[in-house]
Amino acid sequence: MSTARDVLNGVDRERSIRFPVEKIRQDFPLLANAVHGKPLAYLDNAATSQKPLAVIEAEELFYRRDCSNIHRGVHELSERATRWYEDARTKVQQFLNARESREIIFVRGTTEAINLVASTFGRKQVGAGDEVLITAMEHHSNIVPWQILCEEKGARLRVAPINDRGEIVFEEYERLLSPRTRLAALVHVSNVLGTINPVREMVEAAHRRNVPVLLDGAQAAPHLKVDVQALDCEFYAFSGHKLYGPTGVGVLYGKAGLLDAMPPYQGGGDMIRSVTFEKTIYNTLPYKFEAGTPNIAGAIGLGAAVDYVNGIGLDNIAAYEGELLAYGTRVVGGISGVRIIGTAREKAGVISFVIEGIHPHDVGTVLDQEGIAVRTGHHCAQPLMERFKIPAATRASLAFYNTTREIDVLAAGIRKAKELLG
Ligand code: PMP
C-alpha cells in the first residue's frame with residue numbers, strides 16, 4: 001500500500017510541512033478522542049465540522065460572564081452581549097466581503113436562509129406560470145422550499161442538468177434561463193460530488209436575463225474564499241456549524257436594496273419599530289429579519305470561528321485541502337472495485353464512492369468499527385443519486401485538520417470492508 005510519503009512529490013511535501021496540521025489539530029479537542037478503541041479519523045466534515053477551542057471558549061465565556069438578551073436592556077451585560085453579537089455580524093460581513101453589515105442576517109443555518117428567501121422574496125417575485133431554476137446537484141434544502149413555493153403559486157421548477165463528471169452543462173443552464181425565470185437558486189459547492197460550480201459565470205448569465213441569483217454556500221464558505229461583491233449574487237447562504245462554528249446559527253447575505261423591499265419572514269419582538277393593534281412599522285435591516293431572541297451565543301461562536309479560519313487563511317486551507325483531495329482520490333480511487341462519484345475538474349474536498357457489490361451502509365458500519373467517521377446514504381440529494389443510478393454512496397469529506405495518515409486509515413478500512421463483505 002502506498003503511503004503519503006510515497007505519493008507526495010517534493011513540492012507537495014514542502015507545502016505539507018508549511019501547513020502546520022499537527023499543531024492545528026491540537027486546537028480541536030474532540031479529534032484526540034478514540035472511537036471503538038481506535039484513534040478517531042473524522043471524515044464527515046460536510047455534515048458538520050469539529051470546533052476549535054476558540055469557539056468553545058467564546059460560547060462558554062458568553063454564558064459565564066456576559067449572558068444577557070441583546071438590543072433591549074440598558075444594563076451592562078446587555079450592552080456587552082449586544083456588542084459581541086454585532087461584532088460577530090461585522091466579522092461575517094468582512095468574511096463575505098459584503099458592502100454593509102446590515103446585509104448580514106443571522107438565521108438558523110442554510111436551510112432557514114433559503115426558506116426565508118423562498119417565503120418572502122420568492123412569494124412576491126414568483127407567480128403563476130413563472131419558473132425557478134435550480135441544478136441537478138442541489139441539496140434537498142435548495143429543492144424543497146422552491147417546490148413548496150412553485151406548488152403554491154402554480155409556478156414551475158426547472159432543473160439544469162449535469163454531465164457524468166458531475167459538472168453543470170453550462171449551455172443547458174443558459175438555455176433554461178427563460179423569460180419566465182424569476183430566480184436561480186444554485187449550489188456553490190456540491191455536498192456529494194464536491195463540484196465547485198462556476199458561480200461567477202452562472203450569476204453573469206442569469207443577470208444578462210435579469211434573473212436574480214441565490215447561492216447555497218453551505219459547502220463553499222468553509223473551504224474557499226467567498227466574495228459576494230465579486231460574485232454579485234443577490235443572496236448567499238451558509239451554516240455556522242460547517243465553518244467550525246456552533247450548530248443552530250447561520251447566515252443569509254442579501255443585497256440591501258432587495259432585503260429592504262422584502263416583506264418580513266417572521267413577526268415578533270426585535271423586528272418591529274412600533275406596534276399598535278392597527279398597524280406595525282417594521283424595524284430597519286437587519287433586525288427586520290431577526291424576530292425573537294436569536295441564537296446569541298451561536299453568533300458569538302460563529303464570530304470566533306471566522307476569526308479562527310481567517311487566522312489560518314482560506315488560501316492556505318484551499319491549498320492544503322486540495323493536496324489532501326488529490327492524495328485521497330488517488331489512494332481511494334486506486335482500490336479495485338471502488339468507483340468515485342463526482343470527478344469534476346474543479347472540486348473541493350469531498351470523496352464520494354461506491355464499492356461494487358457492497359451496500360454503503362455496510363461499508364460505513366465496518367469503517368465505524370475502525371474509528372472512521374464517514375457518511376453513508378443519499379446525503380439529502382436523492383435526485384442526484386438517481387442521476388448517477390445509485391441508491392446511496394459512502395462519502396469522506398475533508399477539513400484542514402485531516403491528514404494523509406487518516407486517508408491511509410480510510411483506505412485500509414475500505415480494503416477490510418471488501419474482505420469482510422465482498
Ligand atoms: N446545502 C448544502 C449543499 C449542504 O451540504 C447542506 C448541509 N448538508 C445544506 C444546504 C443544509 O445545511 P443546514 O442543515 O446546516 O441548514
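Let's start inside the protein. The lining of the largest cavity divides into five nonpolar, five polar and no charged residues. In that count, Ala, Val, Leu, Ile, Met, Phe, Trp, Tyr, Cys and Pro are nonpolar, Asp, Glu, Lys and Arg are charged, and the others, Gly among them, are polar. A word on "cavity": on a 1 Å grid over the protein atoms alone, it is a set of points where a 1.4 Å probe fits but cannot get out, and lining residues have an atom within 4 Å of a point.

Before I go on, some ground rules. This is a predicted model, where local features need pLDDT of at least 70, side-chain atom pairs count only at pLDDT 80 or more, and totals for chains, interfaces and linings use all residues. Residues are numbered from 1 along each chain as its sequence is written, and side-chain values use heavy atoms, with hydrogens and water left out.

Back to the cavities. How many of 30 Å³ or more does the structure hold? There are two. The largest has a volume of about 50 Å³. Volume here is the space filled by probe spheres set on the grid points, which are joined across faces, edges and corners. Who lines the largest cavity? Asn-45, Ala-46, Val-189, Gln-219, His-223, Ala-348, Gly-349, Val-350, Ser-397 and Leu-398.

Why does the largest cavity lie between domain 1 and domain 2? Because domain 1 (4-32 + 313-417) and domain 2 (56-310) both give residues to its lining. Those domain bounds come from an automatic or database domain assignment.

Now the second largest cavity. About 30 Å³ of space lies in it. Its lining is Asn-45, Ser-49, Gln-219, Pro-222, His-223, Lys-242, Tyr-244, Leu-398 and Ala-399. By class, that gives four nonpolar, four polar and one charged.

Next, salt bridges. The structure holds 25 of them. The rule is a side-chain nitrogen of Lys or Arg within 4 Å of a carboxyl oxygen of Asp or Glu.

Take Asp-307 and Lys-91. Their closest N and O atoms are 2.8 Å apart. Asp-307 sits in helix H12 (residues 296-312) and Lys-91 in helix H5 (residues 76-96), so this pair links distant parts of the chain, 216 residues apart. Helices (H or I, at least four residues) and strands (E, at least two) are DSSP runs, numbered from the N terminus. Asp-307 is partly exposed, at 38% relative accessibility. Lys-91 is partly exposed too, at 27%. The cut-offs are these: buried is under 20% relative accessible area, exposed is over 50%, and partly exposed is in between, with a 1.4 Å probe and protein chains only.

Another pair: Arg-182 and Asp-130. Their side chains meet at 3.3 Å, N to O. Arg-182 lies in strand E7 (residues 181-187), and Asp-130 lies in the loop between helix H6 (110-125) and strand E5 (131-135), so the pair ties together parts that are 52 residues apart in sequence. Asp-130 counts as buried, at 11%.

Then Glu-131 and Arg-158. They meet in a salt bridge at 3.3 Å, N to O. Glu-131 is in strand E5 and Arg-158 in strand E6 (residues 156-160), 27 residues apart. Glu-131 is buried, at 6% relative accessibility.

There is also a network. Salt bridges link Arg-65, Asp-66, Glu-76 and Arg-80.

On to helix H6. Where does H6 bend? At Ala-118, by about 30°. That bend is the angle between axes fitted to the seven residues ending there and the seven starting there. Ala-118 is also one of the buried residues of H6, which include Thr-110, Ile-114, Leu-116 and Phe-121.

Now some backbone details. Most residues other than glycine have a negative phi, and most peptide bonds are trans. Here is a cis one. It joins Leu-285 and Pro-286, with omega about 0°. Pro-286 lies in the loop between strand E12 (280-282) and H12.

Two asparagines have a positive phi. Asn-97 has a phi of about 55°. You will find Asn-97 in the loop between H5 and strand E4 (104-107). Asn-97 is partly exposed, with a relative accessible area of 32%. Asn-210 has a phi of about 60°. Its loop runs between helix H9 (199-208) and strand E8 (213-216). Asn-210 is exposed, at 69%.

Gly-337 is partly exposed, with 32% relative accessible area. Its C-alpha atom is separated by 38 Å from that of Leu-214, 123 residues apart along the chain.

Methods
On a 1 Å grid over the protein atoms alone, a cavity is a set of points where a 1.4 Å probe fits but cannot get out, and a pocket is an open set with protein on both sides within 12 Å along at least five of seven lines; lining residues have an atom within 4 Å of a point.
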